[in-house]
Amino acid sequence: MKILVVDDMPLIRHVLINMLRKLQFDDLVEATDGVQAFTLLHQQHFDLVITDLYMPKMDGKILLKRIRDDEKLASLPVLIVTCEDSCEAVKEIIAAKVSGFIIKPFNLKVLSDHLNLIIADANKK
């Protein structure tokens, strides 16, 4: 499974990538914002995008919308990771057809559980 990890903070990307490696995911690519991520999505095939919600240039919400609006990418699973826990923001992301949503801070089990749900859902399609 090839995963694109998108976050403007190098430390967060590093922690997330280390967690993914512990879960036996090794085909990982990094992007620093939604603009770079969207470019990579058109250059390479990915099975999953894990993105932060708040980033400069293009945030995770806009990235998700662009993915859902793109015929070739529309079914790509997207997991959003954020500190945002306001009910309104969460409702907006769910309405935008996000595949999963994790509130920071989280642990390896939470990440694993969400990935398992996303993978199971993708296998049904």
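Lysine 57 is placed in the loop between S3 and H3, where helices (H or I, at least four residues) and strands (E, at least two) are DSSP runs numbered from the N terminus. Its phi is near 70°, a positive value in a residue other than glycine. With a relative accessibility of 72%, lysine 57 counts as exposed; the cut-offs are under 20% relative accessible area for buried, over 50% for exposed and in between for partly exposed, with a 1.4 Å probe and protein chains only. The model is a predicted one, in which local features need pLDDT of at least 70 and side-chain atom pairs count only at pLDDT 80 or more, whereas totals for chains, interfaces and linings use all residues. Residues are numbered from 1 along each chain as its sequence is written, and side-chain values use heavy atoms, with hydrogens and water left out.

A positive phi is also found at glutamine 24, a residue other than glycine, with a value near 75°. Glutamine 24 belongs to the loop between helix H1 (10-22) and S2. Its relative accessible area is 63%, and glutamine 24 is thus exposed. Most residues other than glycine have a negative phi, and most peptide bonds are trans. A cis peptide bond occurs between lysine 104 and proline 105, with omega about -10°. Proline 105 is located in the loop between S5 and H5. Asparagine 107 is in the loop between strand S5 (100-103) and helix H5 (108-124). The relative accessible area of asparagine 107 is 43%, which makes the residue partly exposed. Between asparagine 107 and leucine 48 there are 59 residues in sequence and 19 Å in space, C-alpha to C-alpha.

The fold as a whole comprises five helices and five strands. Along the sequence these follow the pattern β-α-β-α-β-α-β-α-β-α. The radius of gyration is 13 Å, close to the 14 Å that the globule rule gives for 125 residues, so the protein is as compact as a globular protein of that length; the radius is taken over C-alpha atoms, and the rule is 2.2 Å times the number of residues to the power 0.38. The C-alpha trace spans about 35 × 30 × 30 Å along its principal axes. Of the 125 residues, 46% count as buried. Among contacts (heavy atoms within 4.5 Å) with a separation of 6 or more, 61% are between residues 24 or more positions apart.

The protein has 16 positive and 18 negative charges, and their mean positions are 2 Å apart. Lys and Arg count as positive and Asp and Glu as negative, with His and the chain ends not counted; each charge is placed at NZ of Lys, CZ of Arg, CG of Asp or CD of Glu.

Arginine 13 is in helix H1 and is buried, with a relative accessible area of 10%. Not counting residues up to four places away in sequence, arginine 13 touches Val5, Asp7, Asp8, Glu30, Ala31 and Thr32. Isoleucine 17 is likewise in helix H1 and counts as buried at 6% relative accessibility. Leaving aside neighbours within four places in sequence, the contacts of isoleucine 17 are Val5, Leu28 and Glu30. Isoleucine 17 and glutamate 30 are 13 residues apart along the chain, and their C-alpha atoms are separated by 8.7 Å.

Helix H2 (residues 34-43) has Gly34, Ala37, Phe38, Leu40 and Leu41 as buried residues. These cover an arc of only 160° around the axis, which puts them on the same side of H2; the arc is that of the directions from the helix axis to the C-beta atoms. The packing partners of the buried H2 residues are strand S1 (2-6), strand S2 (27-31), strand S3 (48-52) and helix H3 (60-69).

In H3, the buried residues are Gly60, Leu63, Leu64, Ile67 and Arg68. Viewed down the helix axis, they fall within an arc of 130°, so they line one face of H3. The face turned away from this buried side carries the exposed residues Lys65 and Asp69. The cover over the buried residues of H3 includes S1, H2, S3, strand S4 (78-82) and helix H4 (87-95).
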